[in-house]
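Here is a walk through the pockets of a protein model. Have the sequence and the 3D view at hand.

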Amino acid sequence: MSKLSVEDLSKVYGQKTVLDHISFEVQAGEFLSILGPSGCGKTTILRILMGLLEPDGGVVRKDGRDITACSPAERGMGIVFQNYALFENMTVQKNVEYALRFHKELRGKASEIAAGLLRRVGLWELRDKKPGKLSGGQQQRVAIARTLALNPDVILFDEPMSALDVDTRLALRREIKDIQREYGSTMIYITHDQEEAFAMSDRIMVMEAGRIHQIGTPEELVTDPADDYVRRFVLENLQIKAESLSRFIQVAP
Ligand SMILES: Nc1ncnc2c1ncn2[C@@H]1O[C@H](COP(=O)(O)OP(=O)(O)OP(=O)(O)O)[C@@H](O)[C@H]1O
Ligand SMILES: [Mg+2]
């Protein structure tokens, strides 16, 4: 049984079809990236999976159970956004504890759980600071720790690195992959950075205008692209790679 499955999902705003009857599955422990141009429906998929938005048609299942009508809190999923969405008036520690306060069984252990997670993401020393005093990368680590606090088995990421510099992105990439291994989490990850998707993913979903062109391993996208769209897309990625590599290659005069 797959961890998550989406069947015939559709979403329409007015006259505009944003998701056009899409279906896909994600296996337990898998890292799936979603790539595609701005406005193709990536965030809409995550919002529907999380329960923040109702689809116009289709079914979302988790571990085989129909969760289409479940509230976000009932889904056992977490989401990390591009803009961190932290509470500015609370300390780092309080941010991580926040969601635990609403859980009867976890409330008593909130500070202990938060402390463990802050150590895990390397922010223990900054626990009493307000988010505004932290770098972008540190703030995103707080957001990740906050998401992990409720121990979700599926974590959704909506362009979590877009606001960060290259070095921070590389460090966070590793951190997210380590967390995935450690917790056995299933991850769905939206990015505009093709190189990032190719480096991190078990499979990549290539979208355009509310449809899925292909879902495959990075290797499959390169060796067996479904159509010209994916072929162009992969070629573009290889060109970006070649350009970044050429910066390191010294050509003798
Ligand atoms: N509340 C809304 N009302 C009307 N249209 C909307 C609404 N939310 C999203 N849309 C439209 O739905 C389409 C898909 O939006 P979505 O945010 O899913 O795109 P995306 O792939 O995440 O894009 P980006 O890469 O820019 O984040 C866009 O055309 C957007 O304008
Ligand atoms: Mg988006």
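Start with the second largest pocket. Its lining divides into five nonpolar, two polar and seven charged residues. Here Ala, Val, Leu, Ile, Met, Phe, Trp, Tyr, Cys and Pro count as nonpolar, Asp, Glu, Lys and Arg as charged, and the others, Gly among them, as polar. This pocket holds about 410 Å³ of space. Lying nearest its centre, out of 14 lining residues, are Val166, Arg173, Glu195, Ser244 and Arg247. Helix H5 (166-183), helix H6 (194-200) and helix H8 (228-246) each give two or more residues to this lining.

This is a predicted model: local features need pLDDT of at least 70, side-chain atom pairs count only at pLDDT 80 or more, and totals for chains, interfaces and linings use all residues. Residues are numbered from 1 along each chain as its sequence is written, chains are lettered from A and ligands numbered from 1 in the order in which they are written, and side-chain values use heavy atoms, with hydrogens and water left out.

Now the largest pocket. About 630 Å³ of space lies in it. Its lining has 19 residues, and Met50, Met77, Gly78, Ala99 and Leu150 are the closest to its centre. Strand E6 (77-80) and helix H4 (136-148) are the elements that give two or more residues. E6 supplies the largest share, three residues. By class, this lining has 14 nonpolar, four polar and one charged residues.

Where does the largest pocket lie? It lies between domain 1 (1-76 + 154-167 + 185-253) and domain 2 (78-151), because both give residues to its lining.The terms are as follows. A pocket is an open set of points on a 1 Å grid over the protein atoms alone, where a 1.4 Å probe fits, with protein on both sides within 12 Å along at least five of seven lines; lining residues have an atom within 4 Å of a point. Points are joined across faces, edges and corners, and a volume is the space filled by probe spheres set on them. Helices (H or I, at least four residues) and strands (E, at least two) are DSSP runs, numbered from the N terminus. Domain bounds come from an automatic or database domain assignment.
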